[in-house]
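These are my notebook entries on a single structure. I record what I looked up, one topic at a time.

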Amino acid sequence: MPLDLPKVVKYGSEGIRRELLKRNSEILKYSANIGKPKNGVVVIIKPSDKCNYRNLIDILDEMKIADIVTYTIVNNFTPEEAKLLAIN
């Protein structure tokens, strides 16, 4: 179960980048406290059918800018995620 409910954010410094930087910082601090200082956030990128090539490149750019080193791109959705996508 996620700690926060899903939310809609934009690309750029005030959107997804801020969220990625914040989460990565929180996870790195936690990891350092438990003796594993290099364990940062893991991001799962799930492009929807509405995603285009530009969207995927934009999010990969944000991973680089935010220094997210562990991420993956997958193409499957749970029924709950499919419902969330249908709402938006």
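Entry 1. I looked up Glu 26 and Arg 23 in helix 1, and I found them 3 residues apart, which means that about one helical turn separates them. The model is a predicted one, and I keep this in mind for every entry. The two residues form a salt bridge, and the closest N and O atoms lie 4.0 Å apart. I then checked the accessibility of Glu 26: the value is 39%, so Glu 26 counts as partly exposed.

Entry 2. I asked which residues the salt bridges with shared partners join into one network. I noted Glu 19, Arg 23 and Glu 26 as its members. For the pair of Arg 23 and Glu 19, I read a distance of 3.3 Å from N to O, again a salt bridge. These two residues stand 4 residues apart in helix 1, so they too are separated by about one helical turn.

Entry 3. I counted the salt bridges listed for the structure and recorded 5. I reminded myself of the general principle that side chains of opposite charge can pair when their charged atoms come close. One of the salt bridges is formed by Arg 17 and Glu 62, with the closest N and O atoms 2.8 Å apart. This pair links distant parts of the chain, as Arg 17 belongs to helix 1 (residues 16–33) and Glu 62 to helix 2 (residues 53–65), 45 residues apart. I also looked up the accessibility of Glu 62, which is 5%, so Glu 62 counts as buried.

Entry 4. I turned to the strands and asked in which sense strand 1 and strand 2 pair. Strand 1 (residues 42–45) and strand 2 (residues 70–73) pair in the parallel sense, over 4 bridges. I then followed the chain from strand 1 through helix 2 to strand 2, and I noted this β-α-β crossover as right-handed. Within the strand pair, I located Ile 45, which stands opposite Ile 73 of strand 2.

Conventions
Residues numbered from 1 in each chain as written. Predicted model: local features only at pLDDT ≥ 70, side-chain atom pairs only at ≥ 80, totals over all residues. Heavy atoms only, no water. Salt bridge = Lys/Arg side-chain N within 4 Å of Asp/Glu carboxyl O. Buried < 20%, exposed > 50% of the residue type's maximum accessible area, 1.4 Å probe, protein only. Pairing = 2+ DSSP bridges. Right-handed = clockwise from strand over helix to strand, strands pointing away.
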